[in-house]
Amino acid sequence: MKKWFCFLLTAFIWLSLAACGEKTESDPKADPFPTSAVCRVTAINGPTGMGLTPLMQKAEDGKTDFAYHFTTVGTNDEIVAKLTGGEADIAAISTNLAAALYQKSNNSIQVLAVNTLGVLCVVTKGVDTDNLASLRGSTVYATGQGANPEYIIRYLLEKNGLTVGQDVKLSFVSEPAELVTVFTQNERAIAVAPQPSATAIILKDPGAEIKLDVNDAWSKISDTRLVMGCVVVRRAYAEEHPEAVAQFLKDYKDSVYAVNNDPDTAGKLCAKYGVVADADIAAKAIPYCHIVFETGSEMKTDLSAYLKFLYEVSPSIIGGKLPDDNFYYEAQS
């Protein structure tokens, strides 16, 4: 009798353990996403990738509904290779690169959200200025020749009555780090610097001040926002795993809120994941990076207007033509 009771007890325990290990549709802890839906997310270092860092930490802690795999890269070429090679499903990239890649990859990506507005600031030392028009007769140091920064700077200067090469001189350096060096070596200097380099300048040079936010200058001449960064998805992944994309957007929205609500913690995460090398610089730069979560019709209105601006000044920078409606993920619903 005792042997029979022990047998029944053992069988009951094994059945109970097996039942506990199963995931059912009614189990709130069950994983609703198939293994193949694991999101491989890539971000380019800098402001465009900052908004992802709390989600990176959350995923590392095992607190997301399904598995994410994050990577960060330093160049556009690396991120394009990952997207076109199928090594990344979602990526945080510049808006002009997204448009160009859409054209060059046979419309294989879609934009999910705008995630970064203008990240350029006018930084001065020994020069008193409160508007772009007052830069007449000055030399302005900048980076990004032949790319977004140059086109934005030229456009804003012209809209403020200044002709580049005649009323104001633009002196370009090859990279943001060089901009910091050039600025600090001059007693009087004006620079249009991207974040977080603008913050690095004022932390390194006690005489430097951030005088103007380019977003403010843009808003005076346009009724749409300056949108420099976005998040894109491979179309094939979105079509196969719409539920995973929807979950990512929810998680990402929370992540962006966390960055803006607690810059100090976000700064540490930026340094931890290599998005920005220095935690203090990252934390102080976040308010000037204008990290946002903009989707739907608002995203389409702002982004299409900005891409039209780029097309008018340099069609090649967005792939030679304006993207059609299929470029915008929300437009499909």
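I began with helix H7, whose buried residues are Leu179, Val180, Val182 and Phe183. I took buried as under 20% relative accessible area, exposed as over 50% and partly exposed as in between, with a 1.4 Å probe and protein chains only. Helices (H or I, at least four residues) and strands (E, at least two) are DSSP runs numbered from the N terminus.

I noted that the model is predicted, that local features need pLDDT of at least 70 and side-chain atom pairs pLDDT 80 or more, and that totals for chains, interfaces and linings use all residues. Residues are numbered from 1 along each chain as its sequence is written, and side-chain values use heavy atoms, with hydrogens and water left out.

**What covers H7**

I looked up what covers the buried residues of H7: the cover includes strands E5 (120-125), E6 (139-143), E7 (169-173) and E8 (189-194), together with H8 and E9. Contact here means heavy atoms within 4.5 Å.

**Pockets**

I searched on a 1 Å grid over the protein atoms alone, where a pocket is an open set of points with protein on both sides within 12 Å along at least five of seven lines, the probe being 1.4 Å; lining residues have an atom within 4 Å of a point. Grid points are joined across faces, edges and corners, and a volume is the space filled by probe spheres set on the points.

The largest pocket holds about 990 Å³. I recorded 39 lining residues for the largest pocket, with Ile44, Asn45, Pro47, Pro176 and Pro194 nearest its centre. Helix H2 (47-50), E3, helix H6 (148-159), helix H7 (176-184), helix H8 (197-204) and E10 each contribute at least two residues to this lining of the largest pocket. By class, the lining of the largest pocket comprises 19 nonpolar, 18 polar and two charged residues. I counted Ala, Val, Leu, Ile, Met, Phe, Trp, Tyr, Cys and Pro as nonpolar, Asp, Glu, Lys and Arg as charged, and the others, Gly among them, as polar.

For the second largest pocket I noted a volume of about 270 Å³. Its lining has 20 residues, and Asn131, Leu132, Leu212, Asp216 and Ala217 lie nearest the centre of this second largest pocket. H6, strand E9 (208-213) and H9 are the elements that give two or more residues to that lining. H6 supplies the largest share, four residues. The classes in the lining of the second largest pocket are 13 nonpolar, two polar and five charged residues.

**Salt bridges**

I found 13 salt bridges in the whole structure, each being a side-chain nitrogen of Lys or Arg within 4 Å of a carboxyl oxygen of Asp or Glu.

I examined arginine 40 and aspartate 89, whose side chains meet in a salt bridge at 2.8 Å, N to O. This pair links distant parts of the chain, 49 residues apart: arginine 40 is in strand E1 (residues 39-44), and aspartate 89 is in the loop between helix H4 (76-84) and strand E3 (90-94). Arginine 40 is partly exposed at 28% relative accessibility, whereas aspartate 89 is buried at 1%. I also noted that Arg40, Asp89 and Arg234 are linked in a network of salt bridges.

Arginine 225 forms a salt bridge with glutamate 298, the closest N and O atoms being 3.6 Å apart. This pair too links distant parts of the chain, 73 residues apart, with arginine 225 in the loop between helix H9 (214-219) and strand E10 (227-234) and glutamate 298 in helix H14 (residues 296-313). Arginine 225 is partly exposed at 34%, and glutamate 298 is partly exposed at 43%.
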